[in-house]
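Dear colleague,

Please find the structure below. My notes on what was found in it follow.

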Amino acid sequence: MKLLVTGGCGFIGTNFIRLMLDKHKDWSIINLDKLTYAGNRLNLIDLEENESRYDFIQGDICDREMVMDLLADKTIDAVVNFAAESHVDRSINDPSPFVTTNIQGAQNLMECARQRKTDRFVHVSTDEVYGSLGDSGKFTETTPLAPNSPYSASKAGADLMARAYFETYKFPILVTRCSNNYGPYQFPEKLIPLMFMNAKSDKPLPVYGNGMNIRDWIYVDDHCLGVELTLIKGREGQAYNFGGDAEETNINVIKTLLSIVGKPESLVTYVKDRPGHDQRYAMDFSLAAEELGFAPTLSFEAGLKKTIEWYESNTTWLEQVQSGEYRTFMNTWYEERA
Ligand code: NAD
Ligand code: TYD
């Protein structure tokens with residue numbers, strides 16, 4: 001199989017490309033990535049240099065002509081779209097790039113693939129499209145979409161477009177909705193790598209609100225497994241939920257992380273809450289279990305240890321990805337929250 005993967009220089013895309021090329025010796029992958037602040041070409045530089053089944057193209061999923069040209073290659077069997085603006089806090093500061101890439105870019109990819117008659121298209125979405133849960137219940141694929149942040153609203157927009165492409169054109173599209181990922185190569189603006197980085201340098205760990213918001217954490221390889229199963233076995237037009245069966249409060253995640261890295265809980269600092277902060281996410285992934293044979297393989301404790309081991313041995317990666325643009329964003333964000 002020959003895949004066009006978009007956003008492959010980001011966190012999940014990088015892990016997906018590595019896993020798929022390792023697992024499927026007859027697969028080849030073209031990675032199309034714009035290289036925003038979150039994309040790092042060096043993540044996959046070893047493949048670029050040594051793996052003939054991997055190609056990198058720098059480009060924007062919004063670029064109609066370029067994507068049409070790429071998909072004119074009839075040997076591309078499927079598209080997997082990871083490309084996105086992915087950080088909720090950034091979407092609160094400025095929703096515009098989220099609309100551009102996550103809605104218009106996703107629609108552009110769908111349209112090009114439709115016109116080029118691509119056989120299969122997996123659109124990677126998120127549990128955040130469902131909004132927020134109270135103390136009980138879980139999101140199923142039939143839970144109404146009720147996004148609360150500009151990020152999740154933009155992802156829901158693309159999900160609805162995917163639905164329309166299937167209903168209107170019978171375009172062979174499938175959607176995955178996964179809970180919060182963690183693991184190697186995650187950009188240090190997200191909770192776990194940010195807290196690791198701050199803890200290592202004895203900086204305060206900024207906890208939004210009271211720290212009691214709940215996320216369902218999944219190790220990134222398990223999400224990649226879900227995307228792979230969807231690509232191979234999923235039903236066209238269907239959305240599939242994926243989760244790690246690991247609900248944790250933010251404060252518990254942080255305290256567990258501090259105990260693994262051997263740093264004191266006195267580093268925890270409560271800061272002003274995120275506006276529109278979703279209280280709880282939890283995934284019912286029984287449809288994916290029944291139809292695709294999906295089950296998460298790693299517990300939260302084991303996954304977190306593995307992740308921290310990776311960050312401990314890749315401190316140069318952490319330094320490398322902290323460009324000036326990243327530092328400016330974080331400094332402004334903290335000043336506003338102080
Ligand atoms: P990320 O921010 O780490 O990576 C996004 C990648 O997309 C980057 O390499 C970036 O350069 C690229 N990109 C951005 N705009 C682009 C454009 N216009 N054209 C081409 N490339 C572009 O994100 P991630 O955490 O790896 O998430 C990947 C996908 O998975 C996203 O669609 C996200 O919504 C979804 N998702 C993420 C999580 C999570 O916990 N991180 C959970 C569920 C779903
Ligand atoms: P994040 O990693 O941004 O993922 P998402 O918003 O997509 O769930 O945040 C995870 C949780 O951690 C979320 O409830 C917000 C909280 N959080 C903090 O308390 N402090 C922080 O500095 C960050 C980045 C997140």
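The shell around ligand 2 divides into eight nonpolar, five polar and five charged residues. Here Ala, Val, Leu, Ile, Met, Phe, Trp, Tyr, Cys and Pro count as nonpolar, Asp, Glu, Lys and Arg as charged, and the others, Gly among them, as polar. This is a predicted model, in which local features need pLDDT of at least 70 and side-chain atom pairs count only at pLDDT 80 or more, while totals for chains, interfaces and linings use all residues. Residues are numbered from 1 along each chain as its sequence is written, chains are lettered from A and ligands numbered from 1 in the order in which they are written, and side-chain values use heavy atoms, with hydrogens and water left out.

**The ligand**

Glu128, Pro206, Arg215, Arg274 and His277 come nearest of the 18 residues around ligand 2 (a residue is near if one of its heavy atoms lies within 4 Å). Several polar contacts (pairs of N or O atoms within 3.5 Å) can be described. An N or O atom in the side chain of Arg274 is 2.5 Å from an oxygen atom of ligand 2. A polar backbone atom of Pro206 lies 2.8 Å from a nitrogen atom of the ligand, and a polar side-chain atom of Asn180 is 2.9 Å from an oxygen atom of ligand 2. On its own, ligand 2 has 510 Å² of accessible area, of which the protein covers 97% (Shrake-Rupley method, 1.4 Å probe).

**Helix H7**

Helix H7 and strand E8 (205-208) each supply at least two residues of the shell around ligand 2. Helices (H or I, at least four residues) and strands (E, at least two) are DSSP runs, numbered from the N terminus. Eight of the 10 residues of H7 (residues 191-200) are buried, so the helix is largely enclosed by the rest of the structure. Buried means under 20% relative accessible area, exposed over 50%, and partly exposed in between (1.4 Å probe, protein chains only). Among the buried residues of H7 are Ile192, Phe196 and Asn198.

**Aromatic pairs**

The structure holds 23 aromatic pairs. Rings of Phe, Tyr and Trp (its six-membered ring) pair if their centres lie within 6.5 Å; planes under 30 degrees apart count as stacked, over 60 as edge-to-face and the rest as tilted. The ring centres of Tyr182 and Phe300 are 5.4 Å apart with planes at 70°, so this pair is edge-to-face. Tyr182 belongs to strand E7 and Phe300 to helix H11, 118 residues apart. Tyr182 is buried, at 0% relative accessible area, and Phe300 is buried at 4%.

Yours sincerely

Methods. A polar contact is a pair of N or O atoms within 3.5 Å; within protein, one must be able to donate a hydrogen and the other to accept it, and residues adjacent in sequence count only if both atoms are side-chain atoms.
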